[in-house]
Amino acid sequence: EMQILADTELPPTMRHNALILWIIRLFVEGMRAGHVVGGDGFEQQFMEKIHVIRAQYGAIGDELQGRMPLAYAHIVQVLVDVILWMYPFQALSS
């Protein structure tokens with residue numbers, strides 16, 4: 001299965017979708033064959049959880065590309081300004 005996944009034409013950032021589709025396919029086939037016991041509500045809950053997992057995968061890239069919070073940039077700027085403003089006084093006293 002790993003070799004099949006590696007041989008696919010999918011870009012590396014989309015290979016997780018193939019794994020999720022495999023999981024869904026195995027779940028549906030298991031429900032049809034009677035290996036997984038549960039009603040329609042069970043299947044709906046499973047699909048909702050898979051949807052949440054898929055959404056979290058999508059959010060990882062967004063988090064990595066996200067910008068720094070504006071408040072953090074402001075506090076760093078204030079700290080640098082204070083240090084630069086105070087440096088001459090500190091140098092004069094030593």
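Colleague: How many aromatic pairs does a search of the whole structure find?

Modeller: This is a predicted model, in which local features need pLDDT of at least 70, side-chain atom pairs count only at pLDDT 80 or more, and totals for chains, interfaces and linings use all residues. Residues are numbered from 1 along each chain as its sequence is written, and side-chain values use heavy atoms, with hydrogens and water left out. Rings of Phe, Tyr and Trp (its six-membered ring) pair if their centres lie within 6.5 Å; planes under 30 degrees apart count as stacked, over 60 as edge-to-face and the rest as tilted. For the whole structure, the number of aromatic pairs found is 3.

Colleague: Why is the pair of F27 and F42 tilted?

Modeller: The ring centres of F27 and F42 are 5.8 Å apart. The pair is tilted because the angle between the planes of F27 and F42 is 50°.

Colleague: Is F27 buried or exposed?

Modeller: Buried means under 20% relative accessible area, exposed over 50%, and partly exposed in between (1.4 Å probe, protein chains only). The relative accessible area of F27 is 8%, so F27 is buried.

Colleague: Which residue forms a salt bridge with E29?

Modeller: A salt bridge is a side-chain nitrogen of Lys or Arg within 4 Å of a carboxyl oxygen of Asp or Glu. The structure holds 1 salt bridge. With the closest N and O atoms 3.4 Å apart, the partner of E29 is R25.
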